[in-house]
Amino acid sequence: MPVNILAIESSCDETSAAVIADGKILSNIIANQSVHEQYGGVVPELASRAHQENIVPVVDAALKKAGMVPADLNAIAFTQSPGLIGSLLVGSCFAKSMALALDVPLIAVHHMQAHVLANFIEDPKPAFPFLCLTVSGGHTQIVLCESPLQMRVIGETTDDAAGEAFDKSAKLLGLPYPGGPLIDKYAKEGDPFKFKFPEPQIPGLNFSFSGLKTAILYFLQDNRAKQADFVEANLRDICASIQHRIVTILLNKLVKASQETGVREISIAGGVSANSGLRQGLKEYGEKHQWNVYIPKFEYCTDNAAMIAMTAHYKYLAGAFSPLDTIPSARAAF
Ligand code: KG4
Ligand code: ZN
């Protein structure tokens, strides 16, 4: 009998549902929430309401695409943490109700662990142990993975996440939220060496991005004082230079992590791993340092339920089920 699992992701502003059968993703439906654009960031209450509107049609579409009905499911998985608590509550309540109604086990999944396991959705898959640079809007971590469910954070940001560094820089440039993909778009046509931004000297494997944000703020203030249309006239070069600095901060720490652990299987995950500069940079560093590099397909980098389903698959095999009184949590280590 195949094991069919429905997974739900609702930690931030994407409502997503996926179906996995014996470790193979059959569907991955994602509904984005455009309602936040005008506010320059995700508004938690609006996100919860949009999840409530989206969840039934998204689950319905995921089941239909997989050619299944609810009775075919053997377990229901959901993102338990971390995330916006109202958003997590919508997904967890839905998942628990469905597990109760179908009398199948419930599987609670950690969102950051799922980002790492997005690397296992398609071939080639990293061999254990491997390092994963997980970079999203809320997290920046280097994770040492010993097995699908055994992971340890060996480096993380001490202030802003890499995604925040992208989004806050974009905001300073007057670009709408989320600015990361827009910086990426303009950077493609700009000179990454035109403007120099500092690389913070943080000991060990930890990161810091708040100094970079301040440096960009002063850089823009100084130049705007001299030339009113400085940003408009140099947007592509500014974006390319900011992106270059963020990407080198990330990759230089990965080099250190690889040297310290002796691990040369290197992967990336999380929303920022969709960045073309990071993807290209990882390939170049990989050749230089003789790494085997793994980059998930674009749709599995930003928030999606396929990665929750992949994690649930391993948890199902390990018998790691959760009671129906499991509650979501805005913050939780894994
Ligand atoms: O993993 P994710 O979808 O959601 C969180 O769990 O946070 O990551 C969202 C973050 C945002 O900060 C967004 O700007 C960033 O990923 N992002 C990018 C790109 N695509 C998404 N940053 C830079 N370049 C991109 N192409
Ligand atoms: Zn995420």
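Q: Which residues touch the most other members of the largest nonpolar core?
A: This is a predicted model, and in its largest nonpolar core, which has 89 residues, Ala7, Ala18, Ala77, Ile308 and Ala309 are the ones that touch the most other members.

Q: And which helix gives the most to this core?
A: That is helix α7 (residues 230-261), which contributes 11 residues to this core.

Q: Why does this core lie between domain 1 and domain 2?
A: Domain 1 (4-116 + 301-318) and domain 2 (125-295) both give residues to this core, so it lies between them.

Q: What is Ala7 in contact with, leaving aside its neighbours within four places in sequence?
A: With those set aside, the contacts of Ala7 are Ala17, Ala18, Ile20, Ala77, Ala305, Ile308, Ala309 and Ala312.

Q: OK, switching to helix α2: what do its buried residues pack against?
A: They pack against β1 (4-9), α1 (44-65), β4 (75-81) and β5 (106-110), and among these buried residues are Leu88, Val90, Phe94 and Lys96.

Q: What comes after α2?
A: Asp103 follows α2, and the phi of Asp103 is positive, near 55 degrees.

Q: Now the ligand: which residues come nearest to ligand 1?
A: Out of the 18 residues around ligand 1, the nearest are Ser136, Gly137, Gly163, Gly180 and Gly271, while α4 (162-172) and α5 (180-187) each supply at least two residues of the shell.

Q: How many of the shell residues are nonpolar, polar or charged?
A: The shell around ligand 1 divides into six nonpolar, nine polar and three charged residues, and it draws at least three residues from each of domain 1 and domain 2.

Technical notes:
Residues are numbered from 1 along each chain as its sequence is written. Chains are lettered from A and ligands numbered from 1 in the order in which they are written. This is a predicted model: local features need pLDDT of at least 70, side-chain atom pairs count only at pLDDT 80 or more; totals for chains, interfaces and linings use all residues. A residue is buried if 20 or more other C-beta atoms lie within 10 Å of its own, exposed if 12 or fewer, and partly exposed in between; C-beta atoms are placed from the backbone. Helices (H or I, at least four residues) and strands (E, at least two) are DSSP runs, numbered from the N terminus. Two residues are in contact if their C-beta atoms, placed from the backbone, lie within 7 Å. A residue is near a molecule or strand if its C-beta atom, placed from the backbone, lies within 6 Å of it. Ala, Val, Leu, Ile, Met, Phe, Trp, Tyr, Cys and Pro count as nonpolar, Asp, Glu, Lys and Arg as charged, and the others, Gly among them, as polar. Domain bounds come from an automatic or database domain assignment. A nonpolar core is a set of buried Ala, Val, Leu, Ile, Met, Phe, Trp, Tyr and Cys residues joined through C-beta atoms within 7 Å.
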